[in-house]
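Hi,

Here is the model I promised to pass on.

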Amino acid sequence: MRIDLEPRPARTLALDIGAPIVALVAAIIFGGIVIWLLGKSPTLAFEVYFINPLLEGWSLQELAVKACPLVLIAVGLSFCYRANLWNIGAEGQFITGGLLGGWLGILTHNEAYQGLIGGWWILPSMLVLGAIGGALYALIPALLRVWLGASEILTSLMLVYVAELGLDWLVRGPFKDPEGFNFPQSVVFDDIARLPFLAEGERLHAGVLLALIAALIAAFVFARSLFGFEVRLIGEAPRAARFAGFDDRKLTLTVFVISGALAGLAGICEVAGQIGQLTPKISPGYGFTAIIVAFLGRLSPVGILVAALVLALTYIGGEAAQVELSLPSDMTRAFQGILLMCVLVADIATRYRIRLRLGAAA
Amino acid sequence: MINEREMHAAPLLSLRGIVKRFGSFTANDQISLDIHEGEAHALIGENGAGKSTLVKIIYGLLEPTEGVIAFHGQPVRLAGPEAARAQGVGMVFQHFSLFDNLTVAENIALVLPRKTPLSGLRDRIAEVADRYRMPLDPDREVWSLSAGERQRIEIARCLLQDPRLIILDEPTSVLTPQEAYALFETLDRLKDEGRALLYISHKLEEVRRLCETATILRLGRKVGSCDPRQESSRSLAALMVGSAICDIRSPATRDLGSERLTVSHLSLASEDIHGVDLDDVSLSVRCGEIFGIAGVAGNGQSEFFAALSGERLAQSHEAIRLDRLAVGKSDITERRKRGAAFVPEERNGHAAAGDFSLTGNFVLSRHATVGLISRGLIHFGKARALTAEVIATFDVRKAGEDPAARTLSGGNLQKFVVGREILSEPKILVINQPTWGVDAAAAATIRQALVDLAARGAAVLLISQDLDELFEICDRIAVMHEGRLSKAREARGVTREEIGLLMTGDGPEGSAHAH
């Protein structure tokens, strides 16, 4: 038996939208089988994971809050992936962004440095520093690739661990709260250094707006600008891109900077929004989950908005499942992995017709 | 006795009522033909006439929707190429199905039947290559080979399987006249051995030289068959397109003006270890002139094209001048702004991006020169209008409003790519292999467009392996061999044989350059 992949003559919109949905359904079925093998009821798990979080106001807000970093990171990643550059290190860029922005939050603790002009500049500066931190960190694998031809997949991934350990050291050392009873965490930022909530007493913070704006801008850039055209062309046909006069080295650096900046912005939004201080673990793996979001959203900013909500659901449902069904928290990660596999298979299936040829020897 | 005679009379291959539909589209409609042992059978027709589909059916790559395939009178169902090869069918593809990262020998080993011993394979490849005069190093990796060299692999690997019926899809498009002549001798020998040939070509002279039967396809139907030796190239072409082909109209006298494109002492080491270094290349092309560069594929033409277009920059800024202005270190966009335009050899993935719409492909090469961009945004409305103009002027046949480039046939995509550049009214056009794998009607359109462009005062540099084409439209011809360029000769004062000798490096200058 032989498996043949025949290119499909044309991609249709129905296929483009249908494939991720089929992938999601398939992943739910596989996930259900795993849960059943763990001795729990798959239907109950489905309810806890995917239905219950949608029924209550607070969990819907939580959904948007969790989706926010995923959207920001995945929109950035879509620039890299469309250009056929594989930035796997968004998690690290998220952390360095959170760190650099958070550093300003620590410095300005207790109304320091406010002087005569007040504290209005602190939060915007933190956001900018966050983006710069992520961008600079993403520039490392990009430069290594352009100068030395090093695989950005490996370098960006390994830099994640460097960033994680760096954060760990800082919050146990220089950034530690001197009055924090030796807990590994920084001071809690002043209110003026925190992202405002959109409504009194609610969970939605202003980062959600940033995520929406980022997705809309990206959609516009891809659809209308020469830069978006350049990114798509380099990914699609690198030789034609050179013929078009586009510089692939410059583009490599640019898309990594964009991707890193958005991941860093997501990091500082999380630190200045949800958490309010630096701790050894500021991300439950958003940088990696965003890779799945980017592909489930078919690298389109609008698709990413939808996909981020789906993946955010797995986080919230996963927490509920730990409590209600005593399912391990790793189940969430496992489900995300299954979903990524299904999405990739569906992606192949939209581009190629898969034929099993029985009896035809290779 | 009668039975045996009938067996003998049964053709090697016969097709009866072959129909192939793709959805609502009928690519082959009731095609029947017979090929006998020792017969050279030509299959001619325009691009999109259904030749490739029919050939794929014979080679087991596609299953017919209806109809019967019989070998020696026995109907068979071909489940795959393996089954076709078991019936003795061998194929030399036009589009090479080779693995870039494997060597020549490994690529050949992959397609041999399972039990073929691999020891000594390299020697056998060398032997076949030598016998048919096709220089081929079994240890080279395919990614480093030119189109011409890749085709030699296809021919060699087909011959190694000792086929009864050999399908050749445009096999001479990358050979010198001498090499083509050697190939024909080989093919004659194969015929004498009783092997049959199914020969697909747009070069009707070759068909007349080689084949005793021709089947003509048009729009998926068989529109006739004839003995090509009894026909003229012109009458064959008329059968093929269903109407008479116009001659290229050249202006009686051309007013050659000042030098528009000047290359002086351009030397450039190849980026690719297997590539060809350019060695002291000089030429000049004047207003209104078409300057031809002949040569066998892989002798530095693609490197030269890249240096002229600015996809690779020269060492010295003065090595290349456009209208006397040095541009050797300017990039391709800079050169376009100076009035130059370029058409690379490879349509798919170089001149055009397959998954991009035609409008997108218009933006690809023209974004910097026709005011399509303001504040970083693309004026798609304007791009669509200009694309429509290219499509209308060059009669590009397409399906749908603004389809992806890869849905166009080779000839139509080439007309689009050439038209896109010509409608920019370039002062200098550098064009590489403009009619490779393009049907006769499209090729005539493209050549006429080049002649007209030169008549309007542009300098045209035409790199081609098709000597007929060069002699038809060029004013002067030079030959590129191993990265060196011969002295240019007036096209009217030089014979095909002289050019052919230069192409193999045996010309007077070839020996002068000898180490």
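Which residues of helix α4 (residues 104–111) of chain B are buried? They are B:V104, B:A105, B:N107 and B:I108. These four sit on the same side of α4(B), because they cover an arc of only 160° around the axis. Bear in mind throughout that this is a predicted model.

Next, β20 in chain B (residues 459–463), which is mostly covered, with 5 of its 5 residues buried. B:A459, B:L461 and B:I463 point one way from the strand, while B:V460 and B:L462 point the other way. As for partners, β20(B) pairs in the parallel sense with β13 (residues 290–294) of chain B over 4 bridges, and B:I290 has B:V460 as its bridge partner. Strand β19 (residues 428–432) of chain B also runs parallel to β20(B), joined by 5 bridges, with B:I431 opposite B:L462.

There is also an open sheet of 4 strands in chain B, in the order β12-β11-β14-β15 with antiparallel pairing. β12 (278–286) and β15 (325–326) are at the edges with a single partner strand each, so one side of each has no neighbour in the sheet. β14 (residues 320–322) and β15 of chain B are joined by 2 bridges in the antiparallel sense, and B:R321 has B:A326 as its bridge partner there. Helix α10 (residues 301–309) of chain B packs on this sheet and touches β11 (259–268), β12 and β14. The direction of α10 makes about 60° with that of β12(B).

B:I44 counts as buried because 27 other C-beta atoms lie within 10 Å, against a cut-off of 20 or more. Beyond its neighbours within four places in sequence, its contacts are B:S201, B:V207, B:A214, B:I216, B:L236 and B:M240.

Over in chain A, try the helix pair α1 (residues 13–37) and α13 (residues 330–351). They pack at an angle of about 145° with their axes 8 Å apart, and the crossing is right-handed. Among the residues that meet are A:L15, A:F30 and A:V34 from α1(A), and A:F335, A:L339 and A:C342 from α13(A). By class, this contact has 18 nonpolar, 2 polar and 2 charged residues.

Cheers

Methods
Residues are numbered from 1 along each chain as its sequence is written. Chains are lettered from A and ligands numbered from 1 in the order in which they are written. This is a predicted model: local features need pLDDT of at least 70, side-chain atom pairs count only at pLDDT 80 or more; totals for chains, interfaces and linings use all residues. A residue is buried if 20 or more other C-beta atoms lie within 10 Å of its own, exposed if 12 or fewer, and partly exposed in between; C-beta atoms are placed from the backbone. Two residues are in contact if their C-beta atoms, placed from the backbone, lie within 7 Å. The arc is that of the directions from the helix axis to the C-beta atoms. Two strands pair if DSSP finds at least two bridges between them. Axes are lines fitted to C-alpha atoms, for helices over the stretch in contact, and angles run from 0 to 180 degrees between N-to-C directions. A crossing is left-handed if the near helix is turned anticlockwise from the far one by less than a right angle, and right-handed if clockwise. Ala, Val, Leu, Ile, Met, Phe, Trp, Tyr, Cys and Pro count as nonpolar, Asp, Glu, Lys and Arg as charged, and the others, Gly among them, as polar.
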